[in-house]
Amino acid sequence: MNLNADKYIRLALEEDITGGDISTDAVIKEYKKGTVSLICKQNGVICGLSVFERVFKILDEKVEVEFFAKDGDSVEKGQHIAEVTGDIRALLSGERTALNFLQRMSGIATCTAEVAALLKGSKTKLLDTRKTTPNMRIFEKYAVKCGGGNNHRYNLSDGVMLKDNHIGAAGGIKQAVAAAKAHCSFVHKIEVEVESLEMCAEAVEAGADIIMLDNMSVADMKKAVALINGRALTECSGNVTRENIKNITDAGVDFVSSGALTHSAPILDLSLKNLHPVEEK
């Protein structure tokens, strides 16, 4: 992930440090070695430790980070997660950016783990969506996987999904699927979004590989799954909540996708504490 992620980490640092860190520059005039502790302030799932470390390494390649947990681990309030040692100026200047990445990614991993637990024992797999923060997708989708979820397509180049407006532009499901098959390589599966049983039947007839049941009632989803009868994979999307997800799995769909995993997950509260100088050896 480092090759693709590095440019976004650098952009985040550039956003936060446009003309130097005047607070740090005012109080620390020259190199001074120090250490600071990463402390968890609430229970959750940790994610993004390599990104956290990379922030400091970009500022000072000699910074060292000792971790006491790994991505995907459950962590508890008060737990000591890591110790960061290096130039105090780098520790101070990188603190907010490093925590922003780590808190956001850990929050998504925590939310995903909680929802995935509700699907345990069923055949239904949990998916994310493209409803991600601009320029944060690589981090947020990684966080979903750390939390026990699965990634849907990464971007528009990654797979064919014919939604209502594609279907409208093409003149119908049959025409849209035919056009997609003519345009795309055979290795690309074709997913069609449907909103009714009539549309579902048309998608099956057109040869869709995956049928997304969008904002359907549980009763209609059960009918749709029976109608499809294994001729295509099924995905449920729209208004998926923790309260109704059990009913959705009972409908027998293969996948359930939730934009809330990335667009509505709260951060996991983490903090860098107890920064102090250390003697050079």
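A: Let's start with a word you'll need all the way through: a contact means heavy atoms within 4.5 Å of each other. This is a predicted model, so local features need pLDDT of at least 70 and side-chain atom pairs count only at pLDDT 80 or more, while totals for chains, interfaces and linings use all residues. Residues are numbered from 1 along each chain as its sequence is written, and side-chain values use heavy atoms, with hydrogens and water left out.

Here's the overall view. The protein has 11 helices and 12 strands; helices (H or I, at least four residues) and strands (E, at least two) are DSSP runs, numbered from the N terminus. Along the principal axes, its C-alpha atoms fill a box of roughly 75 × 40 × 25 Å. Of the 281 residues, 47% count as buried, where buried means under 20% relative accessible area, exposed means over 50%, and partly exposed is in between (1.4 Å probe, protein chains only). If you take the contacts with a separation of 6 or more, 69% of them come from residues 24 or more positions apart.

Now for the part you asked about. It's an open sheet of 6 strands in the order 6-11-10-9-8-7, with parallel pairing; two strands pair if DSSP finds at least two bridges between them. Strand 6 (125-127) and strand 7 (160-162) are the edge strands, each pairing on one side only. From one strand to the next, the twist averages 25°.

Zoom in on strand 8 (residues 190-194) and strand 9 (residues 210-214): they run parallel, and 4 bridges join them. Val192 stands opposite Ile211 in strand 9, and Val194 stands opposite Leu213 in strand 9. Helix 7 packs on this sheet, touching strand 7 and strand 8, and its direction makes about 165° with that of strand 8. Axes here are lines fitted to C-alpha atoms, for helices over the stretch in contact, and angles run from 0 to 180 degrees between N-to-C directions.

Stay with strand 9 for a moment. Of its 5 residues, 5 are buried, so strand 9 is largely enclosed by the rest of the structure. Both of its faces are covered: Ile210, Met212 and Asp214 are buried on one side, and Ile211 and Leu213 are buried on the other.

Next, follow helix 7 to its neighbour. Two packed helices are described by the angle between their axes and the distance between the axes. Helix 7 (residues 173-183) and helix 8 (residues 197-206) pack at an angle of about 30°, with their axes 9 Å apart. That makes helix 7 roughly parallel to helix 8: angles under 35 degrees count as roughly parallel, over 145 as roughly antiparallel, 65 to 115 as roughly perpendicular and the rest as oblique. The crossing of helix 7 past helix 8 is right-handed, which is the label if the near helix is turned clockwise from the far one by less than a right angle, and left-handed if anticlockwise.

Who's doing the touching? Ile173, Lys174, Val177 and Lys181 in helix 7 meet Met199, Glu202, Ala203 and Ala206 in helix 8. Sorted by class, that contact has 5 nonpolar, no polar and 3 charged residues. Ala, Val, Leu, Ile, Met, Phe, Trp, Tyr, Cys and Pro count as nonpolar, Asp, Glu, Lys and Arg as charged, and the others, Gly among them, as polar.

Strand 3 pairs with strand 5 (residues 80-87) in the antiparallel sense over 4 bridges, and Glu66 has Glu83 in strand 5 as its bridge partner.

Asp6 is found in helix 1 (residues 2-16) and is buried, with a relative accessible area of 15%. Not counting residues up to four places away in sequence, Asp6 touches Arg54 and Ile58. Thr262 is found in helix 11 (residues 260-263) and is buried at 0% relative accessibility. Leaving aside neighbours within four places in sequence, Thr262 is in contact with Arg104, Ile108, Lys131, Thr132, Glu140 and Val144.
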